[in-house]
Amino acid sequence: MLNWRYMISASGMIVVVVAYFAVMTPDRESVEARALARQGQVEWSTVKNDPLVTHDLVWSFAGKAESGVWPQRLIEERFNIRLTPRMIVSGESYQTKLPMQLAAGDVPDVFNPGNSTMLRVYARHGFLLPLPLSMLNEHAPHLVALVNRYAPEAWSATTYDGVNYGLPTIWYDGLHPRTPIWRKDWLENVGIERTPETLEEMEEALRRFRNDDPDGNGRRDTYGMSGDLMNYYTTFSEVFGAYGVLPFGWMVVDGQVVWGGVLPETREALALLRRWYDQELIHPDFVTDRWYAEIGRKLYSGRIGYHNYLASYEAFDPDNPQSALAMMRRLQPEAELIPGVPPRGPAGRRGMRVWGAGNAAPVVFGAHMADRPEAVVRVLRMLDEIASDTDLYIETRVGRHGQHWDWADTSIGPGSGAAFMPPLDQAMVREREGFNAEIMLAGASPFAPIGADPDRYLPYMPQALVEFRERNRKIQWGLRDVFGSPGNVPGVQSSINGLIQLQQTAFAKIIRGEEPLDYFNTFVEEWHRQGGAVGLELAQDHWRKQRRVLEEMGSP
Amino acid sequence: MLLPGAVYFLIFHFLPMGGLVVAFKDYRMTEGIVGSPWAGLDNFRDLFLNEQFPNALRNTLVIAALRLGLGFFAPIILALLLNELRVRWFKRTVQTITYLPFFFSWVILGGIFLMLFSTTGPMNSILATFGIDPIPFLTSGPWFITVLVVTGIWQSIGYGAVIYLAALTGIEVQLYEAAAIDGAGRWKQTRHITLPGLTPVMIVLFILSVGQLLSAGFDQIYNMYNPLVFESTDIIDTYVLRQLQGLDFGVATAAGMFKSVVGLMLIIGTNALANRLSGGEQGLW
């Protein structure tokens, strides 16, 4: 039976515990100072950049760079700053270590928040310094122009509660879609000479893959394609794109923000996919398959002859053991892969989802930097100068020609691409020495966490890679969410994941024929009722605000 | 002698409970637990007043009840069977093999089961040789829950059996000898000596597992579910994960508190029931 004396003493204990926490009151003044800093009460226009003053900065970005390495000294000497690098290994540990470090009160001066979700979280918790766009425009005009040109939607990812907190990093490769790849030998075996260009040609190829025994084993055991419903950014993206829609994203149609998943064109695409599934062109496991795992395995083991999310220059590199081609050859030595194009739809449209150039991690400042506005301005001007000085930009990423890197093929020179010289040709050494593990000339590097205009670094990349991208991953095929990603609209964060799940379930049921095509209308009603209608209003409002901000900055 | 234990529980178990106030606050890390503004019941409102919550709660209870109902007896049966084995190396081998899956993470097991139970996977291929049409193990709600429960039992059966095997060694051998002299067969010995001997352990484990009723196995479900079974396998944990946009401690604490309070009530209730049924002898306290 219940022992009431025990219960009373236990609850008494809890009261004591709560009282203990109440006594541990934090310093009132520091709370207020931080609250003030959050409101951004720095008179930025009066802040001067005195190049003779040395600024000390705690610097936290993704990587394994040690202290005092070459790229660090390069920018320290040139810009008269002193850095205390506190690098955090990128990936999962970034998501666990950084929050703990911040919660313990150890906020770096300049750092990378990981991603836009975490940026909002840190801003909400008061860790970040507001960076008004007018101030950024004054002290980092090149970088602001770069963002406005390549990824104006990135400002949605750095804004929390109407205030901007970050400087977006431009990742040019993100504008290029990961296009489909086909089994070239299968296409030949079923008598198709040209990679499919339109939805009809694609359907015909998939049908022959299913019915005409492309692997010649005498059994009807092959399918055309599979799909990934769990990772919405790949879900039959090329098929929806052929109807001009981004099914899991915010789009602008006739000046209005709409959600792609509830448009009539989405219904048309679903009708086609439903027919393909009914004709067994789509593998029956598509609901549980994931693009990076099961779909890849199905392609490599010869169950399907098409993958919609693989094409990149690296995928066709036979020397790289992780490339799609190498994985395929290990199981099927005679197999050949060929990059395809997103199929053209009935109205002549084609496209696939891209994350855009603004999805990389932005640069943010700790809220305490409100007390050191000169240091903030110094860093912004420094980053802006790195982005607008080609030699400096290249040096911060790959070092000096002849000292750290040389042309991959010295007999060709430029065009073969920059390659690290020993011992930097070892990825581990490179990372320790403050360079990127991969020769990534676009996007961030540990000591210069910004991007630059591609014209500055394309000459240093292998021309084969640049050409592959221009030929097979054309920018104009990319379909972008107008806010970068579904959750970047303020106020939708608590409902958007549920709405996406609702849509994934409806899509799966319609494609598999478990529900009639008219079930789409039921789904659309349900979507609006469960928060979609509110989300649309919020998105429309956010779109208007973002437009106004961009117009004030003189962006097209 | 009690002091070190008491201090341990005070510091590591009772003091942190003060953190529960976060459930009633709009928690900001920069301002600390005390400095953050009060939110009243807003966090609980966010948690409960979403129309997906009742469904998540129902799914949690259904899946957890199935796990408890079927999974509770499985290790007992395995332990009894193992106990009857006379060949020691065989017994140990079986024990090791059944214990092994307990150490695998669901990230790995999930991938293996997705492959095993897919429409064209090994399981359906075997069924096909008997002329049985493919079974939608992963895409129909009831089948998927069956797979969840069965693979869940498979994973933890060895661990449970070890506890019962330990309890079995505590039963006096003389009892079996006396029963054998009186002419009791294997089955009668099991029924009248082994099972009553195991009852105290069974009741303790049952009371403890009832307290976990609102945890329906997040790791397993999250690694195995898909859009077609969201509706029937969306449990409280997956629901909370979806609600959270990272570090929203208030709602997460409210969810944890809700689960703990319900778990505590269930444990107290089950214990009271055990006491009532056994005349005050078999409860935990």
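Predicted model: local features only at pLDDT ≥ 70, side-chain atom pairs only at ≥ 80, totals over all residues.
Strand β7 (residues 250–253) and strand β8 (residues 256–259) of chain A run antiparallel and are joined by 4 bridges. Look for A:Val253, which stands opposite A:Gln256 in β8(A). Between β7(A) and β8(A) there are 2 residues, and the two strands form a hairpin. In the turn of this hairpin, A:Asp254 has a positive phi of about 50 degrees.

Next, find the open sheet of chain A, where 4 strands follow the order β2-β1-β3-β12 with mixed pairing. Its edge strands are β2 (81–85) and β12 (364–365), each of which pairs on one side only. Strand β1 (residues 55–60) of chain A pairs with β2(A) in the parallel sense, over 5 bridges. Within this pair, A:Leu57 stands opposite A:Leu83 in β2(A). In a regular strand, side chains alternate between the two faces of the sheet. Now look for the helix that goes with this sheet: α15 (residues 373–388) of chain A lies across β1, β2, β3 (110–111) and β12, running at about 65 degrees to β1(A).

Another helix to visit in chain A is α10 (residues 199–211). Its 13 residues reach 18 Å from the first C-alpha to the last, close to the 18 Å expected at 1.5 Å a residue. Which residues of α10(A) are buried? They are A:Leu199, A:Met202, A:Ala205, A:Leu206, A:Arg208, A:Phe209 and A:Arg210. An α-helix has 3.6 residues a turn, so residues three or four places apart point the same way. The buried residues of α10(A) pack against α9 (184–189), α11 (237–242), α12 (264–278) and β9 (306–307) of chain A. Just after α10(A), A:Asp213 takes a positive phi of about 50 degrees.

Let's move on to chain B, which has 15 helices and 0 strands. Its C-alpha trace spans about 75 × 65 × 30 Å along its principal axes. Of the 285 residues in chain B, 28% are buried.

To see how two of its helices meet, find α6 (residues 88–99) and α9 (residues 141–169) of chain B. Their axes come within 6 Å and cross at roughly 130 degrees; α6(B) and α9(B) are therefore oblique to each other. On the α6(B) side, the contact is made by B:Gln95, B:Thr98 and B:Tyr99, while α9(B) brings B:Ile157, B:Gly158, B:Tyr159, B:Ala161 and B:Val162. By class, this contact has 5 nonpolar, 3 polar and no charged residues.

Technical notes
Residues numbered from 1 in each chain as written. Chains lettered and ligands numbered in written order. Expected span 1.5 Å × (residues − 1). Buried ≥ 20, exposed ≤ 12 C-beta atoms within 10 Å, placed from the backbone. Contact = placed C-beta atoms within 7 Å. Pairing = 2+ DSSP bridges. Axes fitted to C-alpha atoms, helices over the stretch in contact; angles between N-to-C directions. Parallel < 35°, antiparallel > 145°, perpendicular 65-115°, else oblique. Nonpolar A, V, L, I, M, F, W, Y, C, P; charged D, E, K, R; others polar.
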